Amino acid sequence: MKRSRTLVLAVIGALAAAIGAVGLAPAAYAAGVTASFVKTSDWGSGWEAKYTITNGGGTTVNGWSLAFDLPAGTTVGTYWDALLTSTGQRYTFTNRSWNGTIAPGASVSFGFLGSGSGVPANCRLNGAACAGGTTPTTPPATTPPPTTPPPTTPPPTTPPPTSPPPVTGLPKHILTGYWHNFDNPAAELRLRDVPTEYDLVAVAFADATGTPGAVGFAIDPGLSASLGGYTDADFSADVRTLQSRGKKVIISVGGETGRVVVNSAASAVAFADSVYALIRRYGFDGVDIDLENGLNPTYMAQALRSLRAKVGSGLIIAMAPQTIDMQNPAGSYFKLALDIKDILTVVNTQFYNSGAMLGCDNNAAYTQGTVNFIVALACIQLEAGLRPDQVGLGLPAGPGAAGGGIVSPSVVNAALDCLTRATNCGSFRPPRTYPGLRGAMTWSINWDVTNNNAFARTVSPHLRTLP
């Protein structure tokens, strides 16, 4: 996100690496560990399923790897609570950072969507039969890949997850916008004057303090002067005013020039404690992570889990990574999102200021500022582990808001239609539809007001028409 008067377009010279989750080496087989498969829903052309891994032995399992074959014409799509690699029709799921340890008598599970009529076969858990047994001396045969790809028209629909997302009080589809706590060429606004079309307002920004990991916030003196006097007390009252209108207000951390660093246990504690103090002081509903200069997923995950433990299950956790940050699940930002998937609200990737990028087909470099670009890059997240309700489309509000990738709001609506209904697509069509897609985000509310609210007035009513 930009806060300066000079808009900088970061040119990415090299295309991102091919998409692929990083697998973990399987742990040694623990006797008594089994895995059971169940279909949780079936809609004819596809299905949703879950594997439950149970430790029936007497020793703790530290890491697991479960592999199976699918017949030709059946493929795995969206998955959650595991990492995935595949070779031909052999699919291997490995544990995430939070569910690799299974105590005696305990269970963990992961889920995925299947496209086609086939079901898993030749299941192996840590090298042994999933139903229990000894480690095989030879690996199972791999079913050859299909000679023709499964049909994509009409695409299958991604059903809702069996475990519901955290209850945050937000609508099914939301419009998110950033509010400037600084003075630049965009229109200056008191928080209470944010247009009513916005469901989630991210206050930009909380900044680093002298304590590693800690952040602080206060009304910017330049903004206050531009508004003829605007105090912290006025701002706090405005937070409550928006909430009384049914809106949610969160504090965004970082931004383009932000230098918040959480890279140790101590800094993770400082981050959680300082954000919690801001939530108590101003009444924020959550936090947005907008760190454009890198992050440590391990310690930021610790910080966010600690913060949620303090605030409760209603805490909104949003992210606004740059496009390059969400090209590969092994990248730090993407890894963070997957590592806290159970408590994450939404990732609003900035689909701008990036240049041409690879999409989920790993086949072409799509040009920013097009329906193809938005859909093909959002598809990466949707097919590599995030739930549809955790994916939002971030676009500039209009002229002045970004250095590249500015689109007409009608293009945003077309991308929403393509992803949720398979209509209004460009030449790229995603492998399935995602009717639960969360919505759209814009940088920024102030730039939108500068441009006559064109973004909010066009996109917000369209969100209400989505499935």
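Which helix holds Tyr 333? Tyr 333 lies in helix α5, residues 332-339, where a helix is a DSSP run of H or I with at least four residues, a strand is a run of E with at least two, and both are numbered from the N terminus. This is a predicted model in which local features need pLDDT of at least 70, side-chain atom pairs count only at pLDDT 80 or more, and totals for chains, interfaces and linings use all residues. Residues are numbered from 1 along each chain as its sequence is written, and side-chain values use heavy atoms, with hydrogens and water left out.

**Tyr 333**
- Tyr 333 counts as buried because its relative accessibility is 2%; buried means under 20% relative accessible area (1.4 Å probe, protein chains only).
- Leaving aside neighbours within four places in sequence, Tyr 333 has contacts that include Ile 289, Asp 290, Leu 295, Met 319 and Pro 321, a contact being heavy atoms within 4.5 Å.
- The backbone oxygen of Ile 289 is 2.6 Å from the side chain of Tyr 333.
- Met 300 is 33 residues from Tyr 333 along the chain, and their C-alpha atoms are 9.9 Å apart.

**Whole protein**
- The protein has nine helices and 22 strands.
- Of its 467 residues, 55% are buried.
- Among contacts between residues at least 6 apart in sequence, 77% join residues at least 24 apart.

**Nonpolar cores**
- The largest nonpolar core has 114 residues, and Phe 93, Trp 179, Leu 191, Phe 235 and Phe 271 touch the most other members; such a core is a set of buried Ala, Val, Leu, Ile, Met, Phe, Trp, Tyr and Cys residues joined through side-chain atoms within 4.5 Å.
- Helix α6 (residues 371-383) gives the most to this core, 10 residues.

Note on methods: Buried < 20%, exposed > 50% of the residue type's maximum accessible area, 1.4 Å probe, protein only. Polar contact = N/O pair within 3.5 Å; in protein donor to acceptor, adjacent residues only side chain to side chain.
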